[in-house]
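This briefing is for a reader new to the structure.

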Amino acid sequence: MTAQRYKCIVQYDGTGYVGYQVQPNGNSVQTEIEKALKKMSNGQIIPIHASGRTDSGVHALGQVIHFDYPAAIKPDHLLRALNSLLPDDILIKSVELASEEFHSRYHAMGKKYIYRVDLDRFPNPFKRLYTTHHPYRFNMDNLEKAIKKLEGEHDFTSFCSTKTDKTDLVRTVYEASVRKDEENNELVFTFRGNGFLYNMIRIFVGTLLQIADGLKKVEEIDHLLEVKDRRKAGPTAPSQGLYLVEVYYDEERLRNG
C-alpha cells in the first residue's frame, strides 16, 4: 500500500525537553511523536520532519511537521490516536492530508514568534517556565523606536550565535513589534520574518531590554546592523519566554501577517 503524507500542527510545552529535535543528551519532542507513531504502526519506524528545530525550553503554539504513514487513515482518526498516545505537554492541534511533494521545512516561507517578559516585582511561580522575569523600570517609547529598526532586510550577524552553521546571515523581518499586556503585566514581543538565525530572537530581546533599561541607546540598533559583531549586542535572553507561533507556507500571508 502506498504511504500517505500528513501535515500536522503541533503545540508543546518545551520545559521538559532538550528541544524539538532528537539529541543524545535527553528526551525530545520529536522522539515522543515518533514513539507514538511507532505504536500506531505496529513497530514500524516513521520519521517525522519539522519546519525547524526549537531549543531546550522553547515552546510552540504552531510547529508544523509532516510524515508518511504506511496506511490511509482519516485525518481526524489519526489526530485522536496520536493525542491518546502523547504526553500531556504535547498536543497535535490539527492533521490534514498533504501532497507527496509537500515538505514542512523546505516549503516553509517564514515564521512568527512571540517572546513574553514578566514585569512583576517578584517572579511569579506560575509564569517562571513560560516568561522571562524582568522587574526593572523601562522606557517604552525607546523600546518601540528601537524595535522598529529591526524591520526590513538586513545582515543580522550581530544578532546571531557564533555557533551557527549558516554562511548567509541576511534575513527579512516583516514585523518587529512590542506591546504592554496590562492585564498580565507583561511585555509581548512579536517577530515575523522569512527566517531566523540561531538565537536571533533571543539576542533581539536581550539587546532591546538593555535599550529599554537605558543601558544602550536607541541608535545602538543601527550600529549593530552595521558592525556585524555578535560581541557588541546584548545578552541572549532565556529560552522559556520564546514561542513559535506560526509557520507560513503562503508568501502573502507571511508579508501581511
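A residue is called buried under 20% relative accessible area, exposed over 50% and partly exposed in between, using a 1.4 Å probe and protein chains only. Helices (H or I, at least four residues) and strands (E, at least two) are DSSP runs numbered from the N terminus. The model is predicted, so local features need pLDDT of at least 70 and side-chain atom pairs count only at pLDDT 80 or more, while totals for chains, interfaces and linings use all residues. Residues are numbered from 1 along each chain as its sequence is written, and side-chain values use heavy atoms, with hydrogens and water left out.

**Helix H3**
- Leu143, Ala146 and Ile147 are buried in helix H3, which spans residues 140-148.
- These residues lie on the same side of H3, because they cover an arc of only 95° around the axis; the arc is that of the directions from the helix axis to the C-beta atoms.
- The cover over the buried residues of H3 includes strand E8 (170-181), E9, helix H4 (200-213) and helix H5 (220-227).

- Gly193 belongs to strand E9 (residues 186-193) and is buried, at a relative accessible area of 0%.
- Contact means heavy atoms within 4.5 Å.
- Apart from neighbours within four places in sequence, Gly193 is in contact with Met109, Gly110, Lys111, Thr172, Val173, Tyr174 and Leu254.
- Glu151 is 42 residues from Gly193 along the chain, and their C-alpha atoms are separated by 8.8 Å.
- Asn199 sits in the loop between E9 and H4 and is buried too, with a relative accessible area of 16%.
- Not counting residues up to four places away in sequence, Asn199 touches Asp55, Phe159, Ser161 and Thr236.

**Helices H1 and H2**
- The axes of H1 (residues 29-40) and H2 (residues 75-85) come within 9 Å and cross at roughly 115°; axes are lines fitted to C-alpha atoms, for helices over the stretch in contact, and angles run from 0 to 180 degrees between N-to-C directions.
- On the H1 side, Ala36, Leu37, Lys39 and Met40 meet Leu78, Ala81, Leu82 and Leu85 of H2.

**Annotated spans**
- An unreviewed UniProt entry carries the annotation "domain: Pseudouridine synthase I TruA alpha/beta" for residues 9-106 and 146-250; such annotations may be inferred rather than shown by experiment.
- Residues 9-106 are 23% helix and 27% strand, with end C-alpha atoms 16 Å apart.
- Residues 146-250 are 24% helix and 30% strand, and the end C-alpha atoms lie 29 Å apart.
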